[in-house]
Amino acid sequence: MTAPKLAITDSEPTKAAVDAVVVGTIQGTDGPVLAGSAEALDAAFDGGLADLLATVGASGKAEEVVTLPTLGKIAAPVLLAVGLGKAGDDGGVTEEQVRRASGAAARAVGGKKRVVTTLSTLHLGAAVEGTVLGAYTFTAYKTAVGDGPVGRVDLVAPATGTTKAHRATVKAATAIAEAVSLTRDLVNTPPNDLFPESFANRAAELAKAEGLEIEVLDEKALRKQGFGGILGVGGGSSRPPRLVRVTYKGPKAGKKVALVGKGITFDTGGISIKPAAGMDEMTSDMGGAAAVIATVVLAAKLKYPLEVTAWAPLAENMPSGTAYRPGDVLTMYGGKTVEVLNTDAEGRLVLSDAIVRACEEGPDYLVETSTLTGGQIVALGKRTMGVMGTEAFRDRVAELGRAVGENAWAMPLPEELRGDLDSRLADLANVAGHRFGSMLVAGVFLREFVAEGVSWAHLDVAGPSFHSGGAYGYTTRGGTGVPVRTLAAVLADIAANG
Ligand code: BES
Ligand code: MN
Ligand code: ZN
């Protein structure tokens, strides 16, 4: 990942000696309408810029990018008009509209040395995030690399607010975008290079660079302490499991937050093996772990007044002579027993160990995230995560997730589903005997392991954490970095409101 350089500018974009000027357009009823501070640009085209753009096909709809040669009317050779979509009832556009338009623009100007954007006059932070994330590329495994992302983006400062406030906004948004990019990098690293031990090493490097406390339990330590879920799932692989803990203690640390993320570095399904078609996408089954590690590093960078601990149970789910079997009974960390009826329901097993361990430290809040069920995708699609947990906190997290543009939707944990997890042999089984509500069943399973009194949320990001189609907005192909921005918003909200 080579992110573009960003700078705030007060100078007039008409005079900027750059490769392109980016301007936002709103989809009006009679064609495109210029958005943000574009008066001087419009004046350079004799007040007819919107009409000119309409003539070459611009409408202002979201994702639209129209290029206009400027023929010397401004210093830059081309003007890029990027659609924001329709304005809201108040005539304005949302942060997410700006984020997406900035992402589309960043992708369209790939290869250019330097551009200036006025999208930042609408929402500075959203423009930064959209720009960095839209420009994201992952080329570590390409021997022939193309032009690469845009080199530098000058962001025209919003008309209101101080320079100091603008700088702080850019700094925070850049840190958030970097955390998302780091998560994408980890998800995009193939499973032959990212396995429990190498993932733990990456986490250690990241923690050290930020001066954070880290503990890595290897298979011996896991056995000694009784992490039966992590060991059971990891048993089939030649690359043994790990449990990573990274702690950040902020200045005047207020609330204690535990972040737990599923870290299956590859999920074949194990003995209950998955079909071949699409199995390669299970390289992304550690997206939750990547997100929580990136988020604790981010918490340190932004100096949240919190104590945040990230827990990443890491294992590779493989079929082999040493693999756990359907029919096995595992004794989980803390002593509960689980009958394994399907080795492909492995995420909940590693997570339960980590959740019980995390609860020993007495967190005020526990947020767990995982690529847990295909049922999430069936229920909510590829772009909306399911949020379950204790009701008030669940609703708070879902709302925060929507506010940052990571669609999050609250889902129930129906009491009657608990009975479907009753086991002939053990305290509970790892799957129900039916396919109904499988996202919720997984949540009900996890609830059994959360300590009494802890406000918790479970974010199932099976669909949203990985994007297999073409890029849109600021979402590129492969790892998306979801739900890092939700986690960051939750931490910021707890820091501000308890
Ligand atoms: N990692 C998968 C869930 C998943 C599916 C993530 C598709 C991303 C895309 C998980 O470990 C799994 O296999 N879940 C099973 C559970 C079932 C056996 C109860 C599923 O959802 O099919
Ligand atoms: Mn699985
Ligand atoms: Zn899995």
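A salt bridge here means a side-chain nitrogen of Lys or Arg within 4 Å of a carboxyl oxygen of Asp or Glu. By that rule, the side chains of glutamate 219 and arginine 242 meet in a salt bridge, at 2.9 Å from N to O. Glutamate 219 sits in helix H7 (residues 219–225) and arginine 242 in strand S9 (residues 242–249), so the pair ties together parts that are 23 residues apart in sequence. Helices (H or I, at least four residues) and strands (E, at least two) are DSSP runs, numbered from the N terminus. The structure holds 26 salt bridges.

A quick word on the ground rules. This is a predicted model, where local features need pLDDT of at least 70 and side-chain atom pairs count only at pLDDT 80 or more, while totals for chains, interfaces and linings use all residues. Residues are numbered from 1 along each chain as its sequence is written, chains are lettered from A and ligands numbered from 1 in the order in which they are written, and side-chain values use heavy atoms, with hydrogens and water left out.

**Two domains**

- The protein chain is assigned domain 1 (5–152) and domain 2 (181–497), with bounds that come from an automatic or database domain assignment.
- Between the C-alpha centres of domain 1 and domain 2 there are 37 Å.
- The contact (heavy atoms within 4.5 Å) draws on 15 residues from domain 1 and 15 residues from domain 2.

**Where the domains meet**

- About 1400 Å² is buried between domain 1 and domain 2, with carbon and sulfur atoms giving 57% of that; buried area is the accessible area (1.4 Å probe) that two parts lose on being put together, summed over both.
- On the domain 1 side, Leu133, Tyr136 and Tyr141 lose the most area to domain 2, together 43% of what that side buries.
- The two domains share 1 salt bridge.
- Glutamate 129 and arginine 485 form a salt bridge, with their closest N and O atoms 3.8 Å apart.
- There are 9 residue pairs in polar contact across the interface of domain 1 and domain 2, both residues at pLDDT 80 or more; a polar contact is a pair of N or O atoms within 3.5 Å, and within protein one must be able to donate a hydrogen and the other to accept it, with residues adjacent in sequence counting only if both atoms are side-chain atoms.
- Helix H3 (95–108) and helix H4 (124–134) each bring at least two residues to the side of domain 1 that touches domain 2, and H3 gives the most, with 6 residues.

- An open sheet of 3 strands runs in the order S13-S14-S18, with mixed pairing; two strands pair if DSSP finds at least two bridges between them.
- Strand S13 (329–331) and strand S18 (428–429) are the edge strands, each pairing on one side only.
- S13 pairs with strand S14 (residues 337–339) in the antiparallel sense over 3 bridges, and valine 329 stands opposite glutamate 339 in S14.

- Most residues other than glycine have a negative phi, and most peptide bonds are trans.
- Leucine 71 has a positive phi of about 50 degrees although it is not a glycine, and leucine 71 is in the loop between strand S4 (65–69) and strand S5 (78–85).
- From valine 482 to proline 483 the peptide bond is cis, with omega near 10 degrees; proline 483 is in the loop between strand S21 (478–479) and helix H14 (484–497).
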